[in-house]
Structures are given as C-alpha cells and as structure tokens.
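Here is a short briefing on one protein. Look over the sequence and the model before you read the points below.

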Amino acid sequence: MRPGAVPASRTHAGPARAHWARLLTGPPHPRTLVVVGAIAADYVVVGAGAMGMAFTDALVDNADVHVALVDRRHAPGGHRLEAYPFVRLHQASAFYGVPSTRLGAGRLQELGPERGLHERATAPEICAYYGRVLTEKLLPSGQVDFYPACEWLGQGRFVSRVSGEEYDVGDARVVDGHYLAPSIPAETPPPFTVDGARVIPVNDLVDVEQAPSQYVVVGSGKTATDACVWLLGNGVDPDAISWVRPREPWMLNRAVVQPNPAIFLGMAADIMEVAAAADSIDELFLGLEARGVLLRIDPTVVPTMAKTPTLAQWELDQLRRIEHVVRLGHVHAVERGRMVLTDGTVPIATDALVVHCAASGLKYPPLVPIWTPQAITLQPIRTGFPCFGAALAGFVEATVESDEEKNRLCRPTPYSDTPLDWLEMQVIGGRSSAAFSKDPAIKAWAERTSLNPTHAPADFTDDVALAAVRDRLRTSMAPGRARMAELAGMA
C-alpha cells in the first residue's frame, strides 16, 4: 500500500461490480439523470491494455491495495480488440501478458514453417487470455474493479460511454497505461486523401468478396508485412501486389528472440561483440545481419527504419517474392488509376484495392519519469519488452517506499524508429537493466518472471550453453555499450 493510503477494500461498496452487472443485464429502470458515484480506490489504472494489465497484476500480488481499472473499450486487451483478424504476436507468447498467468502453454511449435520456435498467440487468443485474467484472477481477488466502456476525464473523474454515469476516484493515484498506446489502421484514417479509389484498412482484407486485379499495400512496418504474407498465403500472385514502402525496415530474426536464455543472451552477446568493433551505425547493422540477428527484405537497400519487430525466415522468403515495390516516399493522394507520392506519381489499376497499413503504430512521446506527483506513467524499462516493464513498475510500486528511489531503479526506455534511435534505445535500456538489477529483491523477482526475456524456465537444462553465452556477454558488454553510446552521440 502506498504511504498513508487506506485499503479501499475496507470501505468499497462495490459500485464497479454493480456497473459491470448493469452493462451485462441493463439498468433496472430507464435513466433520466447523470449520477456521480464516489469510488474508494488506492489507484486508478487508465487503460486495460497490455501495460495496464501487467502493472495491475504485479501490484495487487505484492500489496494490499484496491485498484479501479478503467478502459474506453468494452473489455481488457487494448488495441488487440481492434486488431486485424490474422495478426499474431511477433514475439513469443511467453514475453506477453501479466506476470502471474502465462499466455499459452510455453510450447514449441511442432508443425509449420516455425517448427521449433515458441508459440505465438493470435488476436482472439490474446483477448480471451486477458478476459480470463480479469474474471478468474483480478476480480475474484477483491482488489480490482473493472470499469469498461469508460472515458477518463482527468481530475480524478471518468464517465461511462454507455450510461453517461460519472465516477470520482478522489485522490487515488493515477496510473497512465495509455501514454504509449499505438495508432492502428482500424482506428486511424489513411494519412492521405482518397478520390474515387477503393481504400480499406488492413482489417477488411478478410472481407473482400471480389478479387481486384491489383492490391496496393501501403506501409513499411509489421502490419504491412503481415498483410503481404497473408495475401501470398491465400494464393494472390506476387505480381498482383504493389507494395509502397516509404522506408526500408530492419527486423529482428525471430529465431534469436526466444524465451530460452541461452538463445536470447547469445543474441545480446552478438550485438555487443559486433557493436564493439563497428566503425559506423551502418557497419553495426550490417554486421548484425551477417550474424543472423537482423533481417532486411531487400539486400540491395540499406534500411533507414529500425522499429525492429521480429520476422521469421519463411516470412522473409515470401516477402521477397513481391517485386513491384514503390519507393517514392509517402503517399499523399490515392485517385482512381494513380497514386501521388512525395517524389512522384505512379499508375495503379482502376480497380486496385489499396490496403491501408500506414498508421503510425508505435508512439514516440518524450521520456518522462515513471513516477511523478501527477501520475505513474508506464513505459518500457528493459529494452523492447513493455509487458515486463509495466509489471516491473507494479512490483516496485508495491515494494519500494519513495518515488525518488523508484525512479532511480526503474528508468524509462524509448521505442526506436531509426537506426540511431535503436542505438539510443539499447544504451538507455542497458543502463536501466543495470540499475534495477542491483537491487536484490527486484533482481530476484525479475529472474522468476517469465515476461523477462532472460528468465530461465524451471525445465531449462542447457547450462553449458548458457554459461558460454554469459561469458561472451560479460566480456563484450562494456566495450559494446560504450561503442554504441559513441556512435549514438551519447558518450
């Protein structure tokens, strides 16, 4: 419990459970007035997506507190509720979710092109998982109440988008789980004008009833790669696909980002060894490609984008079948029969179906301290693993007394967009990991949490391989990080 807080469970009359029941069964009589309900809670977590759920789960498992969990959507799961139907996690399921409840069974895939790699959950599996965590774990604990379909207004207040009823959480500590919420095509209009052309968000690909003569996929990131792989997997001729890639992306080889500490730390050792010897950022990235850590779609073009989602070799092979790639910058307008881009105009079929995959995705607001008097602002802590970072923040909030000490131990880490950003992310994330790992209690918690990519499962047996990569990493860590800091201008 935070200092001075009264456990809300001692005074809470259960308005959230009544609210949840009303959403399921309807109000007992027509409503004519907006009613403001006072809620006794120690924390209000704004956003029941991946980070909000991970924080809440870790917090209530380690402190006697009460949480009001608020989300504008109808259920927990965040943007996964609006995801395109064929999406899968780009990382292993083990890296995603909440610390108390594993997503999936921790299995290796036995069939298909990713045989031998860890399972990756589909969007329906992710949403069902969060529903179970809420209804079978968090709500029965008596420490959490959920307010779905509610909009956060600030100043301690939120309103139901369904009933219009307003709620006041008083001086409950605000946890912002929405600071880094991504923009996705299903909720973001195309960033270009449309005049007489057929344009759909990627979600609607599964509802196409009549095949066009040409598909035009707009976007360079994971969503666009998923769309292209899905089209090819459903028999679309690669010559019928035109792929607009404003930038070329670097991607992580999924085979080296696995919940196996010998594999994951081996990838980290590769990064440090290559970085220590690199004379430039491009040389570093090309060296990581040579080691099998990074992938690029076109081997003749040096990428300028480094958001680095994971990609499997079989997906890369499929993507390289698409030869009609448009590299004329961003799309400004799509008209019947042509596209207008930053650096030129290209013809398209008059019946072309333009697939919008060009939402910005990851957000890049300024890094802020996770703990401030105004709010706890959830951000990644260890590089690239937001669920682990949010869960870590929840554990630290529950177990460390002062905000100053919490911020010293848990430093926020950014997402990357460019190769330079990626270096900065690695340097900042490395410093963050070093900081929280110096605290024995936090280190012990992190080592038994499956969301942590360096966690060793109970059945892990390859101690010889793990010892070897730890030796490599121990030797290369300091010179690798120092060189990345120099290349990033952070020395």
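Leucine 423 is buried, at 0% relative accessibility. Buried means under 20% relative accessible area, exposed means over 50%, and partly exposed lies in between (1.4 Å probe, protein chains only). This is a predicted model, where local features need pLDDT of at least 70, side-chain atom pairs count only at pLDDT 80 or more, and totals for chains, interfaces and linings use all residues. Residues are numbered from 1 along each chain as its sequence is written, and side-chain values use heavy atoms, with hydrogens and water left out.

**Leucine 423**

- Leucine 423 sits in helix H10, residues 419–437. Helices (H or I, at least four residues) and strands (E, at least two) are DSSP runs, numbered from the N terminus.
- Leaving out residues up to four places away in sequence, leucine 423 touches Ile281, Leu284, Met484, Leu487 and Ala488. Contact means heavy atoms within 4.5 Å.
- From leucine 423 to leucine 284 the sequence separation is 139 residues, and the C-alpha atoms are 9.8 Å apart.

**Isoleucine 376**

- Strand E23 (residues 376–377) holds isoleucine 376.
- Is isoleucine 376 buried or exposed? Isoleucine 376 is buried, with a relative accessible area of 0%.
- Beyond its neighbours within four places in sequence, isoleucine 376 has contacts that include Tyr43, Phe55, Arg173, Trp371 and Glu397.
- Isoleucine 376 and glutamate 283 are 93 residues apart in sequence, and their C-alpha atoms are 39 Å apart in space.

**Helix H2**

- Helix H2 covers residues 50–62, which is 13 residues. From first C-alpha to last, H2 reaches 19 Å, close to the 18 Å expected at 1.5 Å a residue. The expected span is 1.5 Å times one less than the number of residues in the helix.
- Eleven of the 13 residues of H2 are buried, so H2 is largely enclosed by the rest of the structure.
- Among the buried residues of H2 are Ala50, Met53, Phe55, Asp57 and Val60.

**Two positive phi angles**

- Alanine 149 is not a glycine, yet its phi is positive, at about 55°. Alanine 149 lies in the loop between strand E6 (144–147) and strand E7 (150–154).
- Alanine 149 is buried, with a relative accessible area of 11%.
- Glutamine 155 also has a positive phi, near 55°, and is a residue other than glycine. Glutamine 155 is found in the loop between E7 and strand E8 (157–160).
- Glutamine 155 is exposed, with a relative accessible area of 78%.

**The whole protein**

- How many helices and strands does the protein have? The protein has twelve helices and 23 strands.
- The radius of gyration is 24 Å, close to the 23 Å that the globule rule gives for 491 residues, so the protein is as compact as a globular protein of that length. The radius is taken over C-alpha atoms, and the rule is 2.2 Å times the number of residues to the power 0.38.
- The C-alpha trace spans about 65 × 60 × 45 Å along its principal axes.
- Of the 491 residues in the protein, 54% are buried.
- Among contacts with a separation of 6 or more, 74% join residues 24 or more positions apart.
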